[in-house]
Amino acid sequence: MSLATNASGNLRVCCNVIPGKGFIKKPNGDIYKIYKDDMQEAWNSEVYQTLRQQMLDGERPEMCARCFKEEDAGIKSARAGWNNTYYFVDRDLPPDWHLTNEVDISQYDREAPFDIKYVDLRLGNLCNLKCRMCNPYASNLWVKEWHLVNDALSPNEYERLSKMNWPEEEKTWENMFAIAHTVEEIYLTGGEPTVIQEQRRLLDYFIDNGTAKDIRLKYNTNLVKVPDWLVEKWSHFKRIKLNCSIDAVGELDHYIRYPSKWPTVEKNFNKLQELNNANIEIHCTVQMYNILRMPALFDWAEPFEYKVYLNILNHPDYLNIQCLPQQLKQQAEQQLEPYLHKPKVKDVIKYMWDQDWSHKLPDFYKYTHTLDQSRDEDLYSIVPEFKQYEQ
């Protein structure tokens, strides 16, 4: 039911797959690209069919390890969430019902009809931030710094990631318009979707043919820009789901999502609340940098009464909260005790304690101090608790 790309336009299973895995490949090993290839041909390629058969057989595909790791730690994963969402459609089931192995799967097969309901479309890596947990494949602003923390990009890759222009290719829109009659929801992100101009063509297509009223749009936005032209187009659509990426308040949010400015984030957050057809959520990426400051975010968000969705960072692994030393895990758990009624807080604590990755702390400090030096920042002025655990 779902078609997904990454920021390079490569077709992949979903956004939760293990990095580097989950691409939809041709028999010759090349990856299907939405701006170059026929999506109907890709839909029942060997990779898709094999994955579907593994799921039908109750196996755990390697590419899906992230979701299964969360489930093993007692957390409702993205996989389980999507299964529940679509299994509930047209079914009169209680709200606490969950998918089990008793579900009748006889209606499904390794071959699937080309009937796409949900599209995850990442229109390049154009972005206005270079968040600490990100990379040049999702933000073009990261390109110049990447060699400081990872293997240097090749000259060709440096040039490609500096300016991705594949969304300008005509085949991109041929593929999108070919499935427009079945699509119910489109997830637009990047990069930062509010600064990507190519989406105008897609939005105008639905507005001009009168079907925008039947389409739900979903955005992840860092709230640095909320242009008026985009707000006007949103007004034509059935619903707009806005996942506001806020990881902390004040200077810590600036530190994580560099170089955002907190007053600008708050101003644009307030602007979104004026929309009549929007569902707003606060999406927080739980990681090493903010796990000790979660109470401040919950307290800031409380008056708005919006859901705070906690997305546990999986990679890079040295920013995963399982890397925390035991004493800081204890501090984090104690600080979160007043918020156990909040969605997923208990899950975050359970996940944090599930494995001990504290041996990765040297990588965390090396990475962090390298970026601190490049950006003229200082971890210990923001989260001083980390200082005593550096070897």
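User: What makes Arg375 count as lying over the face of Trp142?
Analyst: This is a predicted model, and in it Arg375 is 5.2 Å from the ring centre of Trp142. The cut-off for a charge over a ring is within 6 Å of the ring centre. The rule also asks for a place within 35 degrees of the ring normal. Arg375 is listed as lying over the face of Trp142.

User: Which ring has the charged end of Arg52 over it, and at what distance from its centre?
Analyst: The ring is that of Trp43. The charged end of Arg52 is 4.9 Å from the ring centre, and the limit is within 6 Å.

User: Back to Trp142. Why is its pair with Trp146 called edge-to-face?
Analyst: Two values describe a pair of rings: the distance of the centres and the angle of the planes. The centres of Trp142 and Trp146 lie 5.5 Å apart. Rings pair if their centres lie within 6.5 Å, so this counts as a pair. The planes are at 85°.

User: Are Trp142 and Trp146 buried or exposed?
Analyst: Trp142 is buried, and Trp146 is buried too.

User: What makes the pair of Tyr318 and Tyr367 tilted?
Analyst: Their centres are 5.0 Å apart, and their planes are at 50°. Stacked needs under 30 degrees and edge-to-face needs over 60, so 50° falls to the remaining class, tilted.

User: Why can this pair be said to tie parts together?
Analyst: Tyr318 lies in the loop between E8 and H13, while Tyr367 is in helix H15. The two parts are 49 residues apart in sequence, so the pair ties them together. Both tyrosines are buried.

User: How many aromatic pairs are there, and which residues form one cluster?
Analyst: The count is 22 aromatic pairs. Trp173, Phe177, Tyr205, Phe206 and Phe237 form one aromatic cluster.

User: Where is Leu223, and why is it called buried?
Analyst: Leu223 is in the loop between strand E5 (216-221) and helix H9 (228-234). Its relative accessibility is 0%, and buried means under 20%, so Leu223 counts as buried.

User: Where is Asp376, and why is it called exposed?
Analyst: Asp376 is in the loop between helix H15 (361-375) and helix H16 (379-382). Its relative accessible area is 73%, and exposed means over 50%, so Asp376 is exposed.

User: Which residues are joined by cis peptide bonds?
Analyst: Most peptide bonds are trans. A cis bond joins Gly190 and Gly191, with omega about 15°. Gly191 is in the loop between strand E4 (185-189) and helix H8 (199-208). Another cis bond joins His315 and Pro316, with omega about 0°. Pro316 is in the loop between strand E8 (307-312) and helix H13 (326-336).

User: How many helices and strands does the protein have, and how do you know that it is as compact as a globular protein of its length?
Analyst: The protein has 16 helices and 8 strands. Its radius of gyration is 21 Å, close to the 21 Å that the globule rule gives for 391 residues, so it is as compact as a globular protein of that length. Of the 391 residues, 53% count as buried.

Methods
Residues numbered from 1 in each chain as written. Predicted model: local features only at pLDDT ≥ 70, side-chain atom pairs only at ≥ 80, totals over all residues. Heavy atoms only, no water. Helix = DSSP H or I, 4+ residues; strand = E, 2+ residues; numbered from the N terminus. Buried < 20%, exposed > 50% of the residue type's maximum accessible area, 1.4 Å probe, protein only. Phe/Tyr/Trp six-rings, centres within 6.5 Å; stacked < 30°, edge-to-face > 60°. Rg over C-alpha atoms; globule rule 2.2 N^0.38 Å.
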